[in-house]
Amino acid sequence: MTDPAAAPAPCRVLLVDPDDRVRESLAGLLRIGQRCLVIGTAGTADGAVLLAAETAPDVVVVDPRLPGSDGAVLIARLRAVAPETRVLVLNWSETADLTTGADAYARKTFRPHELIDAVVSTTRRTHA
């Protein structure tokens, strides 16, 4: 019998996307397998920064195309309030915009297990 206390703690995730339905869908997908715990969601850059400061998530999953926000500026703001937090950018593009300063990138055309694996593996990365 496995000791539940020996199991690794789930990855604490903050979801940031302007679309409520996308945030709800991502939260549902990340619950699969209990490897991730969604600790908050935000639809704006200011909301994301506030929640990151309050919760210090392991990973922020963000669509950098938030209205009224620049992805690189948002990531810099997140790093300022939660320096240990990793950032995973979700986008539609085949190529990642490496200028945003994110720790990892994933396409929004992922399969559920690919998203979970990307989030969990992002927590293991270190900042450059």
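What does the accessible surface of the protein chain come to, and what percentage of it belongs to carbon and sulfur atoms? And which residues and elements supply the largest nonpolar core?

Mentor: Bearing in mind that this is a predicted model, the accessible surface of the protein chain comes to about 7100 Å², and carbon and sulfur atoms hold 56% of that area. Of the 128 residues in the chain, 39% are buried. The chain has 4 helices and 5 strands, which follow one another from the N terminus in the order β-α-β-α-β-α-β-β-α.

Turning to the part you asked about, the largest nonpolar core has 19 residues, and V13, L30, C36, V61, L88 and V119 are those that touch the most other members. At least two residues of this core come from each of β1 (11-16), α1 (20-31), β3 (59-62), β4 (86-91), β5 (104-107) and α4 (112-123), with α4 giving the most, namely 5 residues. Apart from this core lies another one, of 17 residues, which includes A42, A45, L66 and L74.

L30 deserves a look of its own: once its neighbours within four places in sequence are set aside, L30 is in contact with V13, L15, C36, V38, L115, I116 and V119. For the chain as a whole, among contacts with a separation of 6 or more, 67% are between residues 24 or more positions apart.

Definitions and conventions: Residues are numbered from 1 along each chain as its sequence is written. This is a predicted model: local features need pLDDT of at least 70, side-chain atom pairs count only at pLDDT 80 or more; totals for chains, interfaces and linings use all residues. Side-chain values use heavy atoms; hydrogens and water are left out. A nonpolar core is a set of buried Ala, Val, Leu, Ile, Met, Phe, Trp, Tyr and Cys residues joined through side-chain atoms within 4.5 Å. Buried means under 20% relative accessible area, exposed over 50%, partly exposed in between (1.4 Å probe, protein chains only). Contact means heavy atoms within 4.5 Å. Accessible areas come from the Shrake-Rupley method with a 1.4 Å probe; for residues, only the protein chains shown count as cover.
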